[in-house]
Amino acid sequence: MSQTAVAIANTVRFGLRTARDVVETTLEALRTRDQTYHCATRLLTERALHMADTLDARIANGDPVGVLAGVPFGVKDLFDMEGLVTTAGSSVLNGNPPATQDAVVVQRLVAAGAIPVATLNMDEFAYGFSTENAHYGTTRNPRNTECLAGGSSGGSAAAVAAGLLPFSLGSDTNGSIRVPSSLCGIWGLRPTQGLLPLDGTFPFVPSLDTIGPFAGTVTDLQRVFEAMNGHALEELEGTNGLRVARLGGWFQQDVDPALLDGIDRILAFFGSHKEIELAEVARARASAFLISAAEGGNLHLPRLRKSPMDYDPATRDRLIAGAMLPSAAVIQAHRFRNWFRKGLHELFEQVDVLIAPATPGPAPRIDQATISVGGKTVSARANLGVFTQPWSLGGMPILAAPLPPAASAAKDGMPLGVQIIAAPGKENVLFAVGKALAHAGLAGYPVLGTTPSEEN
């Protein structure tokens, strides 16, 4: 049976189980069970076992160890891992020299006692919402392997949902943590932009990129985020008095009815009937598209000129198109972004928390090419971020929270998720809300191999 990160750390720190046993069991699960899901791209076997043995020796010697002692985790394939080439889900970078050190947030997690065991699948160069990778294969959703896991951090989300790892790391530019969290039924965090250092991570869109964790429980997610951030959050004394509202208009179009019902219950829990409709959401999403395409395309332009055929064709075509965008359009997109972001910051003078869908509905089947958005049939893969992309312009922290299985019953039990949004720097508010909802049974979806009682 899968264990939470908190439970693993407690058993290891108090000598009830060795870190080596935890790591060996995890690696065996990745070697065998992951053949079904295709989450991992590389196993860090030798390093992980050495770290586990070192940790066990320290515990036997009575030395202090960190709060995540012995907890195995994986990283999206764009985080530097010492001694490995950072490939960012592509073969294009295979000729690069190996990383000389771990990414900064990985170093912080290791200092807290956590043990990296794998790199995890992603859309090539983080450009996509489906984790269909021409080099490493398609990551399948553990809730139904005929469905997408979402992306671009699909390997990271699926590994947690499958119970292969208690937590993992991903990145979120336009929704790459929030979308797969929602589709796989786990917790994910896009922190305040700029809060966590990006040192040692391969960029996609530098002006929008963030990194963050995935976990099976909100308590685990907070513990991991605090280790990544370098200090504990200031805990709220309950959630009474928080001003909570839902997002209407754009954020209620083409939404699965069960998801809207789940949001209704969340608002009722907080005693709120407030609904807010943002102005110019369609332009916000278009601006995020433009900025992403332009920055991503220009970042890759030298390599595209040199070795275009090494790229996944779908990624290559989008990057080339982005590099060809007229600068005037990109400048206008950034101007709009500044205007939109200012409005969002002003909005949080009126509310503390906003609730919105993370995706329109449950995970599409892998063979399902389209979904309906705004009454039009559109590409499923390109539009899974219809509710996440506008918020990427604001830089706010956003918690992706899964609705409980009962709220997803209308779609054969496939997960549904919401975005819980707060003002910059208010991650403590998000976790207070998340824990309150989990305790009330209004959020939380057990990972494979656990029971609902472990969700808090």
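This is a predicted model: local features need pLDDT of at least 70, side-chain atom pairs count only at pLDDT 80 or more; totals for chains, interfaces and linings use all residues.
Guide: Residues are numbered from 1 along each chain as its sequence is written, and side-chain values use heavy atoms, with hydrogens and water left out.

Visitor: Okay, why is Phe 125 called buried?

Guide: Buried means under 20% relative accessible area, exposed over 50%, and partly exposed in between (1.4 Å probe, protein chains only). Phe 125 has 2%, so it counts as buried.

Visitor: And what makes His 38 partly exposed?

Guide: Its relative accessible area is 34%, so His 38 falls in the in-between class.

Visitor: Where do they sit?

Guide: His 38 is in the loop between helix H3 (34-37) and strand S1 (40-43), and Phe 125 is in the loop between strands S3 (115-120) and S4 (132-133). Helices (H or I, at least four residues) and strands (E, at least two) are DSSP runs, numbered from the N terminus.

Visitor: Why are helices H5 and H8 called roughly perpendicular?

Guide: H5 (residues 104-111) and H8 (residues 218-229) pack at about 115°, with axes 8 Å apart. Axes are lines fitted to C-alpha atoms, for helices over the stretch in contact, and angles run from 0 to 180 degrees between N-to-C directions. Under 35 degrees is roughly parallel, over 145 roughly antiparallel, 65 to 115 roughly perpendicular, and the rest oblique. So H5 and H8 get the label roughly perpendicular.

Visitor: Which residues meet there?

Guide: Val 105, Arg 108 and Leu 109 in H5 meet Val 224, Ala 227, Met 228 and Asn 229 in H8, where contact means heavy atoms within 4.5 Å.

Visitor: How do you know that strands S14 and S15 pair?

Guide: Two strands pair if DSSP finds at least two bridges between them. S14 (residues 370-373) and S15 (residues 376-379) have 4 bridges, so they pair, and they run antiparallel. Ser 372 stands opposite Thr 377 in S15.
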